[in-house]
Every structure is written in C-alpha cells, then in structure tokens.
Amino acid sequence: MGGLASSGAEFWVFTILLAGTILLGFAAAQWRRPHSIHSLEEWGVGGRAFGNWVTWFLLGGSTFTAYTFVAVPALVYGVGAMGFFAIPFSIITPPLVFLVSTRIWSVSHRHGFVTGAEFARARFGSRGLAALLAITGIVATMPYIAVQLLSLQAVFKTMGISGEWPLAVALGLVAFSTFRSGLRAPALLSIAKDVLLIWVIIAALLVVAMSGGWGAAFHSAALRFAHSPGPGTGLLLGSSDQLSYLTLVVGSALSILVYPHALTGILAAKDLATVRRNAAALPVYCLALGLMGMLGVFAISMGILPVGANLAKGQIGDLNTVTPQLFHVTFPGWCSGIAFAAIGVAALVPAAVMSISAANLFTRSIYREYLHPRATPAQEARVSRYTSLAVKLGAVVCIFLLSPQFSVDLQLIGGVIVLQMIPAVCIGLLTPWFHRWALTAGLLVGLVVGMVQLYQIPQLSPGGRSIARAHFGGSSWPLTHLGLHTSASVYVGMLALAVNLVVVVVGTAVLRGLRVPAGTDATKQADYEADVDDPMINRLDNLLDGESLQGAGAHVR
Amino acid sequence: VGYDDIGRNGRGDDGFGNGDGFGDGRGFGNGDRFGDGGTRLLPGRRPSQAWNWLLAIPIIAPLLTPLYNRVDPQLWGMPFFYWYQLGCALLAVAVITAVYRMTRGRS
C-alpha cells in the first residue's frame, strides 16, 4: 500500500495513540491515590492492592512483552517450528504460578517482601546470598529492558524514522510517569496496550482470511523451508531438535517464576484468590501469542523482507522488523499505526515494570542491607525511584553506545543466569533444607557454567554452511561437547541449572554433615499459606532487630 | 479463608499445590522445626487438595512433542503441530479454572 497518504496516516495514528497512552500513565498518579506513596510497598508493588483485572493486564503486560510479540513471529519466520517454543512455554507457566507463586505471594505478604532476594535472605539467613541474587536479577533484567527498546526501534525503523531520539523521548516520558506513580503507571498502560492488541489480532486474522487463509500461508512456508533447508529449520521439529525444544520450553517457564518483573506483578495482587484466578486466565494470552507466532508463517507467504535485507548480497537484515513490516505492508496505514502503537506500549510497559523490579532489588537487598540499614520507608521509596531512572538510563546507554546485537546477546545471557536463582527463590519456597553457602556456591557455579557454554556456541550463517560469529550465537548447546555421539542439543539454562542444583544438594549434604551453622529461617510454615486477612505481623525487621516498622504501606484490612 | 488455609497445610493433605507433599516436611524435613501450622488448625471441612494433581495435565500436554510433531490432521489449514499447542492453551484455562473452583475456600 505504501504511498505518502497512507504512511502519513500510519505515523499520525501511531504518534497520537502512543502519546495518549503515555499521558494515561501520568493520570495513574491520581488513580486510586494512596494516602502516601512514600513507601516502597506503595510505589514498588502498588500497595499490594491490585484486583483480578488489573493483575491480569499487568502480568500479561510484563511477561508477554513487545520483544515477545516482535521476536516470536521473527523466529518462526526464520526457523519455523522451533520459534513456536514460546507457546508451550507460556502454557505450562500458569499451572506453575498457581502452585508455586501463590506461596511467594503469601510469605511476602506476611513479611512485607517486595522481591525474591529478600525472601531468600529471610529463608536462609544470608544477606550475602540475597545481595548476589539481587545483582543476578538486576543484570538479567537490564538487557531485557534494552531489547524492549530495540522492538520499539524496529517500529521506528519500519516507519522510516531514523535516529535514537524518538526512542529516548518515549522512554523519558514513561520513566517520568513511573517515577511519580510507581507500579500504577505500567498497570494502567497495560490495559491500554491490551485494547490495542485485541484490535491488532482481529485485524491480522481478517487479513490472513482475505489472503487465502492459513492453508495457503502454511503451504508456501513449507515450500520455502523445503527450498532452503538449514539445521533446525522447518515447519515441524527435526528429530534432533525435540530435546532442545523441550528444554527451552521448561527453562523459559521456570524463569518466569523467578524473573523479578514477573514476581513484582504477582506480589502486587491483593489476595491469593487473585493470583489463582489470574493463573487460570493467563493462558488466554498464549492464544494471542500463538496467533502472532503464526503470523511469522504468514509473513513468509507474503514475501515480507526485513528492513535492511538484501538477498543478492546475502544480508538477512534486522529480523526484529519482520512483524512491523508485515503490518506495514498488509494493513491499511491507519491500522498499521494502531499495530505500531500496540508494540510501542507493549515495549514501554515491561520496561517500566522491569526497572521498578530492578530498583526494588537494589533498595531492599543492597541499599538497606549494606548502605543504610535504618532506612525509613520514605527513604526506601526515594532510592527506588531514582534507581529505576538509573536502570532505564542504563538500558538506553546499552543500545546507544553498544551495538544492538550486544543487547540481544545480553538478553540471551540474562535468560540463562536468571534461571540460576531457581534453587534459592523457587525451590526455597518448598523447603528450608538448603544451606546458605551451598546455595551461594551453586549460584556462582551455575553462572560460570552458563556463561562458558554460551561462549562455546557459534552462530551459523543462513543456510548453516559457515560460521557467522564464533561465540554467543544461540542458546542450544550441542551434547557433542560432552563426548556424546548425537546431534541433539540442550538449552544452556537448563544444563547450568542442573549443575547448580547438584552443587547445592551435594554442598548442603556436606556442610550439614560437617555441622557448619546454617542461617536462621525467619519464616514459618504457616507464612506460606497466609492470605490477605492474616495479620502482617512477622515483619523481617521485627524479627531481626526487634524494631517496629511503622506505616509499612500495604493495605492492612 | 486465611487461618483455615493454614490449618489445612498443617494436616498435610495429599495434594501438592499449597506445598503439601513438597514443603510440608515429609520430603525435606522442615516440618518439625517450622510446621507450626497445625497448631492453628480450625475446625471446618476443607476441599481436598488432591485436585491440584489435575494441573499436571496442562503441564504435560504441551511437552509431548513426539505426539504432536506432525502435519495431519489439519485444522483450517493449520498443521497439527500448531493447532494442538493452541488447543493446549484452552485446555489449561479449563483445567486451572476447574482446580481453582474445586479448591477455593468458603468466602
């Protein structure tokens, strides 16, 4: 469709919708305004007062991000079935949330935690472990914010807007509204995002139906994959890809249980029933994601090429632009403007939530533990506000100064290292048996193993004949490194987690055998079942230094 | 719901959702020191936590790649691989909703 008139409509619809949504973020300051936002529980987890609908939008907005909506179709476009891993991953996450995350909600409600690292500190009595977990969480989250911004940049690129300033303006506005309103800002934005997203999905389904339906799309995609076979590509999984697919699915699902931004969304829920009902409703997002994934197939059949692609010279271009290009080419201008606004808001919501989560990690497990142990709730909230600004700035610097490819690499590494928090933050919810030093050792070993394995993975050029980059080329680690005669590979995160768990279990057995003192568990069995009408009496501060923390912020009813 | 919930855990039912079976001390040995939930046991019938085992269905169904890694039968032109996994999402909604309804306390 192209044409000046239509691309003009595209630009203006996009700009007006995005600006309107960001203004909504500023309105969040007035929405259900608390008596005082000057505590971390008000600013950082919305006063633990979000109900069913807001929690659903917020969780959907922070876990089904723009990067997901841009990267999943791009992956399916590039490799086919393997890219569909995001769908089973997001299906098995909700049952796990139902079973496991309810426990962290309860214990956090009882003790006033706003992050997983604080929980590990109370459970295993080690502030060193908590600080290490906090740093791991922050390092894993920063590049995740950066790739969100890359998705937004892909939209700008598709519209032909070059330069980094539009990105900086959009992020700056969201950073400011988050600074003022805390988690309430992305919560409101995520509702707007889903309204736009529903529009996009209906429009996409209509376009697919008008262009010959899914049958035609899959048929021509099958032809392309048959025409240019490569390792790990095709409309179905190859026989040696299944292990890699499964480990990637399970690893990604587990990572949602410990990713700081996902925890923030869960902790902001007002009661246990809200968390459980949300677990039941979250798979609805999988349907949306699945349809988006299949748009990758549709993009193949429509002959979409990413921005910067030049087949004659063998350049693949920026794969992130496949989805925006598809909308740009197949939708009328005003409609692709809506789609771009949806991607834009979907990028800014998780960026805001993630920066809040990273800031909370810093405030509770580093600032309060090491720098200013007697910080008041107001001081904590102030530190978190400024830290969230710093985190966003860090992500922008990541993109502007380093190459975009570097952000994508870091995001890959982030997914692997965040999994190393599973023993302390997730399995720790089920048992206090682990020894704090074993957990620390396991975390460190897991991080090193994960990094080394990622370093060993080369990236193959399209067609798979030569090596395009020697290191950090993917997350599927060939089992031949272990001397096995197989073409199968495994997701690095899961291998590193397995090594991590072995270290933790063996280390705990040895340390307990040697009677090395374990930390004191400040939580009780009953804390893991507590619901909203339980008194929030057992605050960590009371237990540790007998000091009462006044006005902790959450709505005690 | 609250105190009743706690009491339920103290009894150590046979489900695994709310920690029973994982975290109640039988498997990992924390029950003795910290299993004070039982002391708060309030009278009242609780729905069985055995319903939580149903959640294994939406966890396992999308992991059966050998079963669904095929083209036929197709639905609206989509290979089985794709629509089966979308179907799993609907299955997950149904199962989790059912488990939620069966295990929720009186409010």
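In chain B, 60% of the contacts with a separation of 6 or more join residues 24 or more positions apart, contact meaning heavy atoms within 4.5 Å. The model is predicted: local features need pLDDT of at least 70, side-chain atom pairs count only at pLDDT 80 or more, and totals for chains, interfaces and linings use all residues. Residues are numbered from 1 along each chain as its sequence is written, chains are lettered from A and ligands numbered from 1 in the order in which they are written, and side-chain values use heavy atoms, with hydrogens and water left out.

Chain B has five helices and zero strands. Helices (H or I, at least four residues) and strands (E, at least two) are DSSP runs, numbered from the N terminus. Along the sequence, the pattern of chain B reads α-α-α-α-α. Of its 107 residues, 46% are buried. Buried means under 20% relative accessible area, exposed over 50%, and partly exposed in between (1.4 Å probe, protein chains only). The accessible surface of chain B is about 5,300 Å², and carbon and sulfur atoms hold 63% of that area. Such areas come from the Shrake-Rupley method with a 1.4 Å probe; for residues, only the protein chains shown count as cover.

B:W83 lies in helix 5 (residues 80-103) of chain B. B:W83 is classed as partly exposed because its relative accessibility is 25%. Beyond its neighbours within four places in sequence, B:W83 contacts B:P73, B:Q74, B:L75 and B:M78. From B:W83 to B:T65 the separation is 18 residues in sequence and 13 Å in space, C-alpha to C-alpha.

Chain A contains 22 helices and four strands. Buried residues account for 62% of its 557 residues. Among contacts in chain A with a separation of 6 or more, 82% are between residues 24 or more positions apart. Chain A exposes about 19,300 Å², with 69% supplied by carbon and sulfur atoms.

The largest nonpolar core has 195 residues. A nonpolar core is a set of buried Ala, Val, Leu, Ile, Met, Phe, Trp, Tyr and Cys residues joined through side-chain atoms within 4.5 Å. A:F14, A:L133, A:W214, A:Y245, A:M294, A:L295 and A:F327 touch the most other members. Helix 16 (residues 333-371) of chain A gives the most to this core, at 20 residues. Apart from neighbours within four places in sequence, A:L133 contacts A:A117, A:A120, A:M421, A:A424, A:V425 and A:L443.

Helix 15 of chain A is mostly covered, with seven of its nine residues buried. These are A:V322, A:T323, A:P324, A:Q325, A:L326, A:F327 and A:T330. Their cover includes helix 4 (66-79), helix 7, helix 9 (184-210), helix 14 (283-301) and helix 16 of chain A.

The axes of helix 7 (residues 127-158) and helix 15 (residues 322-330) of chain A come within 9 Å and cross at roughly 35°. Axes are lines fitted to C-alpha atoms, for helices over the stretch in contact, and angles run from 0 to 180 degrees between N-to-C directions. A:A154, A:V155 and A:T158 of helix 7 of chain A meet A:P324, A:Q325 and A:H328 of helix 15 of chain A.

A:H435 sits in the loop between helix 19 (422-426) and helix 20 (436-456) of chain A. A:H435 is buried, since its relative accessible area is 0%. Not counting residues up to four places away in sequence, A:H435 touches A:T508, A:L511, A:V516, A:P517 and A:A518.
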